[in-house]
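I opened this notebook to record what I looked up in the structure.

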Amino acid sequence: MWQACRSELVRFFAIMIAVFVFAGAVSPILGGDALAQSSSVRPPDNAVTNAPAQPGEGRVRDVVDAMNPAKSDTTLKSQGPNSVSTIWGELRAGETATVSIPDKKAAVLVQDGGMNWLQWRAKGGHLQKYGGYALIAIVVLLLLFFLLRGRIRIEHGSSKLTIERFKPIERFGHWLLAGSFIVLALSGLSLLYGKDYLMPLIGKEAFASVALAGKWAHNNMAWAFMLGLIMVFLMWVVHNVPSRVDLKWIAQGGGLFSKGVHPPARKFNAGQKLIFWGTIVLGASISLSGISLLMPGEFPMFAKTFAVLNSLGYPAIMGVALPETLSPMQELHYAQIWHTIVAFAMIFMIIAHIYIGSVGMEGAFDAMGTGQVDRNWAMEHHDLWVEEEDAKTGFRTPAE
């Protein structure tokens with residue numbers, strides 16, 4: 001019995017060895033190096049015309065013709081100018097075709113650039129990792145500052161007299177911008193971190209509801225954010241023009257690190273001006289990238305931006321030119337990554353702003369809470385503004 005089985009095994013292995021030897025002998029004849037040729041993702045020349053490849057040069061027709069031996073210059077085979085694998089290699093690299101339908105994204109038949117985007121956005125990627133580190137860092141720094149400095153009190157105590165700091169329309173614009181930003185920040189962080197960290201805690205079904213609500217809130221509250229940004233800019237830009245007074249405020253650290261130090265300031269001090277211009281610039285940038293994401297393919301931004309940067313000398317400085325031709329999907333990838341980076345920058349800045357306007361400084365919240373602030377607080381932090389307001393109204397303190 002064993003002798004018979006052994007004979008059968010020997011015969012089987014002998015046949016297999018013969019098959020492999022035969023395959024190795026005939027593979028050069030049959031074009032066995034086709035795999036090596038097809039491993040090139042993007043050949044340097046047009047696989048059909050032998051001319052330099054141009055975007056939108058009828059790749060769909062080339063593929064169809066190459067797959068039809070009757071229309072090919074040569075018999076269809078696994079290598080050569082009409083190789084299907086060669087043409088699909090170009091298409092896989094993002095080569096675009098020509099389409100007549102409104103959805104121009106369909107011109108890209110194969111899109112593999114999403115892996116770079118995924119490496120940025122996935123768990124452990126740059127956005128999650130470094131964004132998380134930065135969030136922890138800003139919270140720790142503010143906690144240390146509070147422990148070392150404590151709450152900044154009104155040095156001369158309450159005067160029992162108030163002065164109008166912000167009018168109702170100003171507070172409305174501020175809270176419209178602030179409230180919408182908080183919703184956008186929380187929903188955005190949920191969309192970035194939720195699947196990896198929130199879903200294991202609350203389950204898939206609960207997270208699906210949270211994610212859907214977050215997506216709806218993020219898409220719709222964006223318009224309120226943009227409106228608030230425009231209102232704040234129009235109302236306060238004239239008060240946030242830099243001046244020489246700001247240099248003294250910066251030199252003294254705004255009095256934030258030393259008790260009894262109150263540098264002069266008008267309606268907005270240098271720190272508030274930095275917050276204002278940071279909000280306007282970053283808010284405008286995040287709004288533009290957000291619109292590009294809300295309307296895919298309608299408002300491409302990065303190809304034109306890269307072209308401008310290249311013309312300004314970016315290649316000479318960095319040693320490489322930025323791509324000036326991007327597919328609609330690549331535009332979305334860049335927009336989403338940039339949108340997240342700018343959002344993190346705004347979150348860090350606004351966290352510091354919220355701290356100093358609430359627990360960090362006594363009397364600061366009243367400015368946006370009721371619009372009325374204590375006169376002693378106003379004199380300690382915005383003395384030049386108080387003098388200007390008193391000159392307008394003719395106000396005199398009881399001591400005068």
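**Contacts and overall make-up**

I began with contacts (heavy atoms within 4.5 Å): among those in the protein with a separation of 6 or more, 72% join residues 24 or more positions apart. I note that this is a predicted model, in which local features need pLDDT of at least 70, side-chain atom pairs count only at pLDDT 80 or more, and totals for chains, interfaces and linings use all residues. Residues are numbered from 1 along each chain as its sequence is written, and side-chain values use heavy atoms, with hydrogens and water left out.

I found 16 helices and two strands in the protein, taken as DSSP runs (helices H or I, at least four residues; strands E, at least two) numbered from the N terminus. Of its 400 residues, 35% count as buried, where buried means under 20% relative accessible area, exposed over 50%, and partly exposed in between (1.4 Å probe, protein chains only).

**Salt bridges**

I looked up Glu-388 and Arg-266, whose closest N and O atoms are 3.3 Å apart in a salt bridge. This pair links distant parts of the chain, 122 residues apart: Glu-388 lies in helix H16 (residues 383–393), and Arg-266 in the loop between helix H9 (244–251) and helix H10 (270–294). Glu-388 is partly exposed at 35%, and Arg-266 is partly exposed at 37%.

I then examined Asp-390 and Arg-375, which form a salt bridge at 2.7 Å, N to O. Both residues are buried.

Technical notes:
A salt bridge is a side-chain nitrogen of Lys or Arg within 4 Å of a carboxyl oxygen of Asp or Glu.
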